[in-house]
Amino acid sequence: MQEGEIPTLPRGVRLHWDRVRETWVLLAPERAITLDQVGHAILSEVDGHRSFGEITAGLAAKYNAPQEQIAKDSAGFLGALRERRFLEVA
């Protein structure tokens, strides 16, 4: 994922708190992915307006971590979601 790309959740895909499992999940029609804390932190910043670079800069500031490492980890995670059509990029 490139810094200027804008990730967005496609229509029908949303973050959801699963009360039964007490964890965050990413829901899509007839599919779901259980998220860990890192996955939830990344996806909670995806709003369809901010670029990947802006998202990783915000996460780096929020968690006092190197932006390069956050960008590397986030790109892998979001890339996997994109391949499975849980994420679109503009």
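Q: In which helix does Ala60 lie?
A: The model shown here is a predicted one, and its protein chain holds three helices and five strands. Among these elements, the one in which Ala60 lies is helix α2.

Q: Is Ala60 buried or exposed?
A: A residue counts as buried when its relative accessible area is under 20%. Ala60 has a relative accessible area of 11%, and therefore Ala60 is buried.

Q: Which residues does Ala60 touch, not counting residues up to four places away in sequence?
A: Contact here means heavy atoms within 4.5 Å. With residues up to four places away in sequence left aside, the residues that Ala60 touches are Ala65, Pro66, Gln67 and Ile70.

Q: How far apart in space are Ala60 and Ala71, C-alpha to C-alpha?
A: Along the sequence, Ala60 and Ala71 are 11 residues apart. In space, taken from C-alpha to C-alpha, the distance between Ala60 and Ala71 is 8.8 Å.

Q: What pattern does the protein chain follow when read along the sequence?
A: The protein chain has five strands and three helices. Read along the sequence, these elements follow the pattern β-β-β-β-α-α-α-β.

Q: What radius of gyration does the protein chain have, beside that of a compact globule with 90 residues?
A: The C-alpha atoms of the protein chain fill a box of roughly 35 × 25 × 20 Å along the principal axes. For 90 residues, a compact globule would have a radius of gyration near 12 Å, and the value for the protein chain agrees with this, being 13 Å.

Q: What percentage of the contacts between residues at least 6 apart in sequence join residues at least 24 apart?
A: The contacts considered are those in the protein chain between residues at least 6 apart in sequence. Among them, the share that joins residues at least 24 apart is 52%.

Q: Which element gives the largest share of the lining of the largest pocket?
A: The largest pocket, with a volume of about 190 Å³, is lined by Val38, Ala41, Ile42, Leu59, Tyr63, Gln69, Ile70, Asp73 and Ser74. Two or more of the lining residues come from each of α1 (37-43), α2 (52-63) and α3 (67-83). The largest share, four residues, comes from α3.

Q: How many residues in the lining of the largest pocket are nonpolar, polar and charged?
A: The lining includes Ile70, a residue that Ala60 also touches. Sorted by class, the lining residues of the largest pocket are six nonpolar, two polar and one charged.

Technical notes: Residues are numbered from 1 along each chain as its sequence is written. This is a predicted model: local features need pLDDT of at least 70, side-chain atom pairs count only at pLDDT 80 or more; totals for chains, interfaces and linings use all residues. Side-chain values use heavy atoms; hydrogens and water are left out. On a 1 Å grid over the protein atoms alone, a cavity is a set of points where a 1.4 Å probe fits but cannot get out, and a pocket is an open set with protein on both sides within 12 Å along at least five of seven lines; lining residues have an atom within 4 Å of a point. Grid points are joined across faces, edges and corners, and a volume is the space filled by probe spheres set on the points. Ala, Val, Leu, Ile, Met, Phe, Trp, Tyr, Cys and Pro count as nonpolar, Asp, Glu, Lys and Arg as charged, and the others, Gly among them, as polar. The radius of gyration is taken over C-alpha atoms; the globule rule is 2.2 Å times the number of residues to the power 0.38. Buried means under 20% relative accessible area, exposed over 50%, partly exposed in between (1.4 Å probe, protein chains only).
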